[in-house]
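Have a look at the model first, then read on.

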Amino acid sequence: MAPQQRRRGRWAVYVAAGLLVAAALTLVPGLAVGAGVEEATETPVPTTPVPAVPVPTAPVVPPALPVPPAPQPAFGAYLHYSPLGVLRMAEISQWLNGPQPRVGRSYLPGDRWSNIEGAPGFLDAWANWRRERADRMFVLNVPMLERNEEGLSDAEVRALLRRGAAGEFDPHYRRLAERLVESGVPDTILVLGWEMNGVTYTHRCGPDPEAWKTYWNRIVTTMRSVPGQRFRFDFTPSRGRDAVPWTDCYPGDATVDIIGMDAYDQPHGLSFDGQVTEPYGLQKHVEFAKEHGKPISYPEWGLFRNGDNPEYMRGMLAWMDVHKPLYHTITDYCPHGVWQCRQNPKAAEVYRTVLSGRSEPEPEPVPLPLPLPLPLPSSVPTAPPHPDCSPLNLGDWVEYWLGGRLCIRFDWWSRFR
């Protein structure tokens with residue numbers, strides 16, 4: 001650095017020092033401008049500069065971002081357990097003016113163990129439907145015992161539950177789990193032993209709740225042991241107390257992923273508000289699930305003892321909009337349904353009005369494994385039941401291979417007049 005520059009630097013230091021001294025003097029009490037020199041000399045001059053006090057500034061608040069609306073619960077309808085149910089998905093979507101059901105639901109026949117294991121080819125149409133969109137759910141009702149609707153006595157049920165709790169029936173559920181994985185639906189929601197608090201099914205809980213819970217836990221543990229599975233297990237009683245309180249049958253949080261409820265409009269004369277507040281009703285269901293940290297579902301719901309009841313339909317749909325179940329599926333056949341059952345036009349209009357327009361953007365296909373293709377029935381009718389005919393009940397498996405029920409017109413006799 002040149003000498004002239006060093007001198008200029010010294011003068012800058014002297015000037016800065018002078019300014020600091022002058023500023024310090026003005027801060028000392030009694031040394032205002034115009035004070036005497038003698039008084040000034042008697043007051044010590046601080047040698048340490050006083051630090052400046054920071055002035056607080058208001059925090060910068062970022063603008064509030066819009067809160068996206070909560071997603072609507074995934075909905076579906078039970079249309080038939082066979083491939084006919086898959087084909088009717090598109091038709092009910094048209095009836096709803098566009099919204100597509102995201103939940104497909106079927107049942108395994110509970111007549112014999114070979115069907116509870118998932119008969120070869122039975123699940124293929126549902127598996128294909130599930131894989132077409134990433135946001136779809138496949139829900140499968142799984143019986144816990146064969147001869148499930150044959151009216152077995154409590155003593156027989158008790159003995160069967162204890163055999164199941166001891167592990168005798170584990171191989172059947174391992175085979176079912178393997179078939180679901182092989183079919184490309186390892187994320188199936190399994191409604192195991194549904195409506196166990198009633199008296200309809202052999203797999204009911206009442207004859208021996210402790211054995212029932214142990215047996216449930218064995219089935220879940222067995223199915224979860226199969227490589228590749230991502231199953232979710234839905235504990236689903238019927239609404240209300242029924243034969244036993246459904247809370248007595250709860251097998252524990254470790255083996256339950258969803259707490260569901262089958263909720264039909266019954267008994268006769270009970271209002272929707274009564275269905276909410278009754279013992280073990282809709283309110284208890286929501287509270288119990290919250291206590292256990294589980295999502296809720298309504299695998300079966302619909303009209304029943306109170307006929308074409310639009311108030312029930314309006315109340316149930318509003319309840320689900322508020323409490324946001326993981327999914328819900330209306331039972332769509334008479335007397336419960338709204339599309340395939342023409343005897344409920346008022347409730348059907350409520351259902352259709354509420355759900356119309358709830359379309360969502362189609363996501364990318366989910367990368368689930370592809371199963372080996374198996375043949376499907378060659379001809380399946382797709383139209384809903386005709387309002388002027390009476391369906392014949394020929395049994396589940398006859399209807400499966402026929403693709404639906406045969407229907408006899410009410411005016412058949414007129415041909416012989």
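A disulfide here is a pair of cysteine sulfur atoms within 2.5 Å. In general terms, a disulfide is a covalent bond between the sulfur atoms of two cysteines. Keep in mind that you're looking at a predicted model.

**Cys334 and Cys341**
- Cys334 is joined to Cys341 by a disulfide, with 2.0 Å from S to S.
- Cys334 is partly exposed, with 36% relative accessibility.

**Cys205 and Cys249**
- The sulfur atoms of Cys205 and Cys249 sit 2.3 Å apart, and the two residues form a disulfide.
- This pair ties together distant parts of the chain, with the two cysteines 44 residues apart.
- Cys205 is in the loop between strand S4 (189-192) and helix H8 (209-224).
- Cys249 is in the loop between strand S5 (232-235) and strand S6 (258-260).
- The link of Cys205 and Cys249 is left-handed, with -100° about the S-S bond.

**Burial of Cys205 and Cys249**
- Cys205 has a relative accessible area of 0%, so Cys205 is buried.
- Cys249 also counts as buried, at 0% relative accessibility.

Terms used
Residues numbered from 1 in each chain as written. Predicted model: local features only at pLDDT ≥ 70, side-chain atom pairs only at ≥ 80, totals over all residues. Heavy atoms only, no water. Helix = DSSP H or I, 4+ residues; strand = E, 2+ residues; numbered from the N terminus. Buried < 20%, exposed > 50% of the residue type's maximum accessible area, 1.4 Å probe, protein only.
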